[in-house]
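Here is a friendly walk through a protein model for someone meeting it for the first time. Please keep the view open as you read.

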Amino acid sequence: MSWEENVRKVVPYVPGEQPKDKNIIKLNTNECPYPPAPGVRDILENKLKYEDFRLYSDPEAHALVNALSKYYKVPEDQIFVGVGSDDVLSMAFLTFFNSDKPVLFPDITYSFYDVWADLYRVPYKRLPLDDDFKIHFEDYYAENTPNGGVIIANPNAPVGIFEPVSEIEKVIEHNRDSIVIVDEAYIDFGGESALPLIEKYDNLLVVQTFSKSRAMAGMRIGYAFGSKKLIRYMQDVKFSFNSYTMNRPSIELGAAAIEDDAYFKDICGRIIKTRERVKGELKELGFTFPESRANFIFAKHEKISGDELFNALKAAGIYVRHWNADRISEYLRITIGTDGEMDKLIAFLKEYIEKNK
Ligand SMILES: Cc1ncc(COP(=O)(O)O)c(C=O)c1O
């Protein structure tokens with residue numbers, strides 16, 4: 001008997017690389033290529049006082065919750081905030097997925113879901129996407145697959161496909177005895193949120209993040225909307241885990257980011273425009289991809305393997321994401337950067353494909 005037998009062993013999630021070299025064109029972790037809203041800088045430079053850091057932060061993160069409440073027109077007691085949506089999702093797994101029946105999610109989706117399920121010892125079942133990487137929604141109905149909860153990313157990652165909210169609603173309707181989580185990390189790039197449905201269904205949790213469309217991945221802010229009861233259960237777990245999840249800068253700077261709606265809409269619009277332009281250029285180079293409504297494109301080349309292209313791009317200082325996993329090993333997930341960055345990507349690919357086809 002060794003102490004190691006009692007260790008909670010897990011296979012951790014592997015995040016995308018964060019290179020030190022600032023010259024790398026970083027299209028590998030779906031960050032925003034633009035800076036946060038100007039109001040964020042103003043608070044950072046003029047309002048945050050370093051001497052205040054000796055005090056604990058507000059355990060309720062009230063300033064941030066209040067800004068979210070005003071912006072999304074959702075009462076404060078229906079909002080939960082956390083350290084990135086990873087923290088929010090992890091708390092939601094811990095709170096709501098506590099059954100002997102499996103939690104359901106697609107076979108190709110955000111690869112943290114099975115890690116949390118393993119960590120919290122929750123059984124799970126991956127339901128296959130179809131050959132076009134689309135979700136087969138009826139598989140998620142409780143009468144077809146009895147379950148202890150459902151989590152769906154919409155748009156789904158890493159494929160980028162946005163599925164109609166009407167399909168999500170049917171999944172909720174067919175699962176009134178379990179919690180349905182909709183992970184909307186990429187919703188602001190052309191999707192439609194399931195948020196209005198929280199009025200109708202007390203078993204729905206909608207999760208979003210500041211990391212993509214609000215250009216604040218490094219501040220680590222995520223949030224969720226749900227019925228009052230659902231949020232209260234999550235708060236109880238959070239306060240049994242760590243009361244002060246949100247630090248002072250995140251609370252203040254997050255609130256400032258939410259308040260600048262014009263800037264938010266502008267950068268989302270720019271990313272969408274660049275994405276649509278890059279889709280055309282990738283097609284011309286022989287790439288195919290599912291229709292993306294996220295800030296990335298999941299693309300495969302007709303002749304050159306995913307592994308080869310990933311390595312060639314990396315050697316050229318252009319980082320994208322690639323998984324040596326079943327069904328997706330030929331694909332690259334390419335984050336939408338600035339127009340200049342995407343020009344360099346396309347120019348490199350053009351030359352490489354020309355030389356190596
Ligand atoms: C689908 C999905 N959900 C959640 C996250 C977590 O984002 P964050 O913790 O930065 O909010 C990511 C990050 O890439 C993601 O792709």
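Helix 3 (residues 84-96) and helix 6 (residues 228-238) have axes that come within 9 Å and cross at roughly 100°. That makes helix 3 roughly perpendicular to helix 6, a label for angles of 65 to 115 degrees, whereas angles under 35 degrees count as roughly parallel, those over 145 as roughly antiparallel and the rest as oblique. The contact is made by Met91, Ala92, Leu94 and Thr95 on helix 3 and by Tyr233, Met234, Val237 and Lys238 on helix 6. By class, these residues are six nonpolar, one polar and one charged.

This is a predicted model, in which local features need pLDDT of at least 70 and side-chain atom pairs count only at pLDDT 80 or more, while totals for chains, interfaces and linings use all residues. Residues are numbered from 1 along each chain as its sequence is written.

Helices (H or I, at least four residues) and strands (E, at least two) are DSSP runs, numbered from the N terminus. Axes are lines fitted to C-alpha atoms, for helices over the stretch in contact, and angles run from 0 to 180 degrees between N-to-C directions. Two residues are in contact if their C-beta atoms, placed from the backbone, lie within 7 Å. Ala, Val, Leu, Ile, Met, Phe, Trp, Tyr, Cys and Pro count as nonpolar, Asp, Glu, Lys and Arg as charged, and the others, Gly among them, as polar.

**Helix 7 and its partners**

Helix 7 (residues 248-259) and helix 2 (residues 62-72) have axes that cross at roughly 15° and come within 8 Å. Helix 2 and helix 7 are therefore roughly parallel to each other. Their crossing is left-handed, the term used if the near helix is turned anticlockwise from the far one by less than a right angle, with right-handed used if clockwise. On the helix 2 side, the contact is made by Ala63, Leu64, Ala67, Leu68 and Tyr71; Ile251, Glu252, Gly254, Ala255, Ile258 and Glu259 take part from helix 7. Eight of the residues in this contact are nonpolar, one is polar and two are charged.

Helix 7 also meets helix 1 (residues 38-46): the two axes come within 7 Å and cross at roughly 150°. That makes helix 1 roughly antiparallel to helix 7. The crossing of helix 1 and helix 7 is right-handed. Gly39, Val40, Ile43 and Leu44 of helix 1 face Glu252, Leu253, Ala256, Ala257 and Glu259 of helix 7. This contact has six nonpolar residues, one polar and two charged.

**Around the ligand**

Which residues are closest to the ligand? They are Gly84, Ser85, Asp86, Thr209 and Ser211, among 13 residues that surround the ligand; a residue counts as near if its C-beta atom, placed from the backbone, lies within 6 Å. Helix 3 gives the most to this shell, with three residues. By class, the shell has five nonpolar, six polar and two charged residues.

**Two domains**

The protein chain is divided into domain 1 (3-35 + 262-356) and domain 2 (47-260), with bounds that come from an automatic or database domain assignment. Their C-alpha centres lie 24 Å apart. The contact between them takes 29 residues from domain 1 and 26 residues from domain 2. On the side of domain 1 that touches domain 2, helix 8 (261-284) and strand 10 (296-301) are the elements that give two or more residues. Helix 8 supplies the largest share of that side, seven residues. That side of domain 1 divides into 20 nonpolar, three polar and six charged residues.

**Backbone details**

The loop between strand 5 (149-153) and helix 5 (165-173) holds Pro155, and Pro158 is in the loop between strand 5 and helix 5 too.

Where is Lys73 found? Lys73 is in the loop between helix 2 and strand 2 (79-82). Although Lys73 is not a glycine, it has a positive phi of about 55°.
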